[in-house]
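Thanks for coming. I have one structure to go through today, so please look at the sequence and the model on the screen.

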Amino acid sequence: MTRAEISCPLQRVRITGRSFDRYRPYASEAQYEQIMERARDLRGLRVIEINSTPRGGGVATMLQGVIPALDGLGLDVRWYSMGDDRPFFEVTKTLSFLLQGGHRDLTSAQLDRYCRTSEKLAAQVDKLSPDILLIHDPQPAAIPGYLRRPPPRGLLWRGHIDLSQPNPGALAFFEPLLLRYDLIVLEVEAYKLPGIPDSRQRFVPDAIDPLSRKNRLISRRAALKAMARVGMNPR
């Protein structure tokens, strides 16, 4: 495999922003003011978020709500997803499976593919010059290790997978990649990583976007029609 065969271009995902005032009914006055105060501290910084895909997955669905909300707070947040590189995604699919307790080994060829593609991704991130870099899930997690420019002022990794019983071999490969991050954010404390200092781990469950279409209230009639389409009988 040559370097020329590795291609995984970062692609910016553009989403229309929304006024953060639309969230005001869902927070107390104190919560709202706290959010606004913290947003003021981040204004002027370029925040880059990277995940594997712009649509279809749970992380993409979350970012489709989060990015417009952050834009509404006046923050410069840019979302990038990874281009189509089937061999690479086959490797990361296996890695994610193992980190969630699967029984298998990553081959040397798979590890080589993961590292070489991560190096290509890092070269693209260098050109973006982020002040804060937020990486989601295992696919782009190795990027910080290949950055050539001075590291961003903040490096964060957010995991959205179950890490409660990881495959020991996969964890031994993956944990050192995370040591380069300033902060690791996991969903629940059961996913705590033993090789990462406690001071650099936080536990923040994914939130529900009250403005998301799938979270809006619908009429009973519409609900019954939807259930009937999939063969459900509510009675």
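In which helix is F88 found? F88 belongs to helix α3, which covers residues 86-99. Residues are counted from 1 along each chain as its sequence is written. One caution: this is a predicted model, where local features need pLDDT of at least 70, side-chain atom pairs count only at pLDDT 80 or more, and totals for chains, interfaces and linings use all residues, while side-chain values use heavy atoms, with hydrogens and water left out.

Now the overall layout. The protein has six helices and seven strands. Helices here are DSSP runs of H or I with at least four residues, strands are runs of E with at least two, and both are numbered from the N terminus. Starting at the N terminus, the order is β-α-β-α-β-α-α-β-β-α-β-β-α. Along the principal axes, the C-alpha atoms fill a box of roughly 55 × 50 × 35 Å.

Of the 235 residues, 43% are buried, meaning under 20% relative accessible area with a 1.4 Å probe, protein chains only.

Back to F88. Is F88 buried or exposed, where exposed means over 50% relative accessible area? F88 is buried, at a relative accessible area of 0%. What is F88 in contact with, leaving aside neighbours within four places in sequence? The list is C8, M82, R113, Y114, T117 and Q139, with contact meaning heavy atoms within 4.5 Å. S118 lies 30 residues from F88 along the chain, and their C-alpha atoms are 9.5 Å apart.

For the protein, of the contacts with a separation of 6 or more, 64% come from residues 24 or more positions apart.
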